[in-house]
Amino acid sequence: MGILSGYRVLDCSIAMAGPFAAQRLGDLGADVIKVEPTSGEWQRHVAAGGAGGKRVNVSFLSLNRNKRSLAVDLKSPDGKALLLDLVKQSDVFLQNYRPGVAKRLGVDYESLSKINPRLIYVSISGYGEDGPYLNRPGQDLVLQGMSGAMLSAGREGEPPNAAGQYLVDAITAYNAFEGALAALLHRERTGEGQLVQVNMLDSITTIQMQELSVFTVGGKPQTRSAEPHAHVYIRAPYGAFATSDGFIIVAFPKLKTLGEVIGEPSFLTMDDEVDSWSRRDEIFAKTRERLKTKTSAEWLELLRAADIWCGPVYGYADLVEDEQIRHNGTFVEYDHPTEGHVKTPGFAIKFSKTPSVVARGAPVTGQHTREVLKEMGCDEARIDALLASGAIAAGEV
């Protein structure tokens, strides 16, 4: 039994940020019911990376474990009535509908809080619940571009590079997850529910607390270098460097120490707090040339012996096999009823008394419709009638 056992979450979200947030709640033991259209949630039909599946594609599989699927047509009166009945029995309602959709469906916070004043209502949006960007698409890469962060790395004058993961979606998901937990704690103390609003633009902006404060408080301009320095607000050398057989990371070492290790005499008399900034391109270029002369393993051994911060540049194949990843149990493995054996990232938070587990893999569309409706008090005759009318759908594995 997880730490959130006894709480029920209605996940009415799509794509990544919302489903990921709801999955985190499910990983902690909450009963997460994925409320999706009778044809299945959008992510079921769009496979990230082109990775399909037998009945559940990898995108959906990765974001919807520890959930039950209730397939219901919220545009039908019967379907909407079922959802409203379920709201009365739930603790958290999570959605990332397009602007105006929740209100149009009658599942906005004002409507649902009248039914259940104790409800925690988590609303995720791209840019906020109102304002000039209300109707813009909230997509990860678009928000990365707006965040300012892409111009904190790379070469001056060259196109910026995107993050190697769906960064904005993930950060937004964790903010929604954190907001839901905090609101539940408040309810435990006071008995009252509330509206929790999270948007992608604020999420990616506020995560840059240090960098933006250097700009707004310290007055330091965000100036990229001619060399591909990894962050404009960290002194040189700082970045990924090619070796004779791959790449390694070197992170702002003392220049005298680095010069001794790599054999660069000009570094021996440089001032870390002056030259590391004013001669950034020169330092980066000289480090790059020196590091080409040995293998990654050779340099890592030498640099670590000198107490210089460094590390390998992994691909996913390297990461999965890393000894610390194995030691931590970072990945979980389980058997899925339709997709077979699954290995996927597990749980970032560990609890000594209430550990997270994979209680169930991602469901097929409507897999738990009958189960959930029976728990609500619906008899078989009513369920069969709703199925016949198309208000709900039920799937089997």
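User: Is glutamate 36 buried or exposed?
Analyst: In this predicted model, glutamate 36 counts as buried, at 2% relative accessibility.

User: What does glutamate 36 form a salt bridge with?
Analyst: The partner is arginine 44, and the closest N and O atoms of the two are 2.8 Å apart. Arginine 44 is buried too, with a relative accessible area of 12%.

User: Ok, aspartate 11. Which salt bridge does it form with lysine 34, in terms of distance? What is the gap between the closest N and O atoms?
Analyst: For lysine 34 and aspartate 11, the closest N and O atoms are 3.5 Å apart.

User: Is aspartate 11 buried or exposed?
Analyst: Aspartate 11 is buried, with a relative accessible area of 0%. Lysine 34 is buried at 1%, and lysine 67 counts as buried at 0%.

User: Where do those strands sit in the sheet? What is the strand order?
Analyst: Seven strands make an open sheet with mixed pairing, in the order E6-E5-E4-E1-E2-E3-E12. Strand E6 (194–199) and strand E12 (392–393) stand at the edges with a single partner strand each, so one side of each has no neighbour in the sheet.

User: In which sense do E4 and E5 pair?
Analyst: Strand E4 (residues 92–95) and strand E5 (residues 120–125) pair in the parallel sense, over four bridges. Across that pairing, phenylalanine 93 stands opposite tyrosine 121 in E5. In general, strands of a sheet pair through backbone hydrogen bonds, either parallel or antiparallel.

User: Switching to rings. How many aromatic pairs does the structure hold?
Analyst: There are eight aromatic pairs in the structure. One of them is phenylalanine 20 with tyrosine 174, which is edge-to-face: 5.6 Å centre to centre, with 90 degrees between the planes. Phenylalanine 20 is in helix H1 (residues 17–27) and tyrosine 174 in helix H7 (residues 167–190), so the pair links distant parts of the chain, 154 residues apart.

User: Are those two buried or exposed? What are the values?
Analyst: Phenylalanine 20 counts as buried at 15% relative accessibility, while tyrosine 174 is partly exposed, with a relative accessible area of 31%.

User: What about phenylalanine 241 and phenylalanine 284, what sort of aromatic pair do they form?
Analyst: Phenylalanine 241 and phenylalanine 284 form a tilted pair, 4.5 Å centre to centre and with 35 degrees between the planes. Phenylalanine 241 lies in strand E7 (residues 238–242) and phenylalanine 284 in helix H12 (residues 280–291), so the pair ties together parts that are 43 residues apart in sequence. Both residues are buried.

User: Which residues do ring pairs link into a cluster?
Analyst: Phe20, Tyr174 and Phe177 are linked into a cluster by ring pairs.

User: Where does the charged end of lysine 294 sit?
Analyst: The charged end of lysine 294 sits over the ring of tryptophan 299, at 5.7 Å from the ring centre. Elsewhere, lysine 343 lies over the face of phenylalanine 331, 5.8 Å from the ring centre.

User: Last topic, cysteines. How many disulfides does a search of the whole structure find?
Analyst: The search finds zero disulfides.

Key
Residues are numbered from 1 along each chain as its sequence is written. This is a predicted model: local features need pLDDT of at least 70, side-chain atom pairs count only at pLDDT 80 or more; totals for chains, interfaces and linings use all residues. Side-chain values use heavy atoms; hydrogens and water are left out. A salt bridge is a side-chain nitrogen of Lys or Arg within 4 Å of a carboxyl oxygen of Asp or Glu. Buried means under 20% relative accessible area, exposed over 50%, partly exposed in between (1.4 Å probe, protein chains only). A disulfide is a pair of cysteine sulfur atoms within 2.5 Å. Rings of Phe, Tyr and Trp (its six-membered ring) pair if their centres lie within 6.5 Å; planes under 30 degrees apart count as stacked, over 60 as edge-to-face and the rest as tilted. Helices (H or I, at least four residues) and strands (E, at least two) are DSSP runs, numbered from the N terminus. A charge sits over a ring if NZ of Lys or CZ of Arg is within 6 Å of the ring centre and within 35 degrees of the ring normal. Two strands pair if DSSP finds at least two bridges between them.
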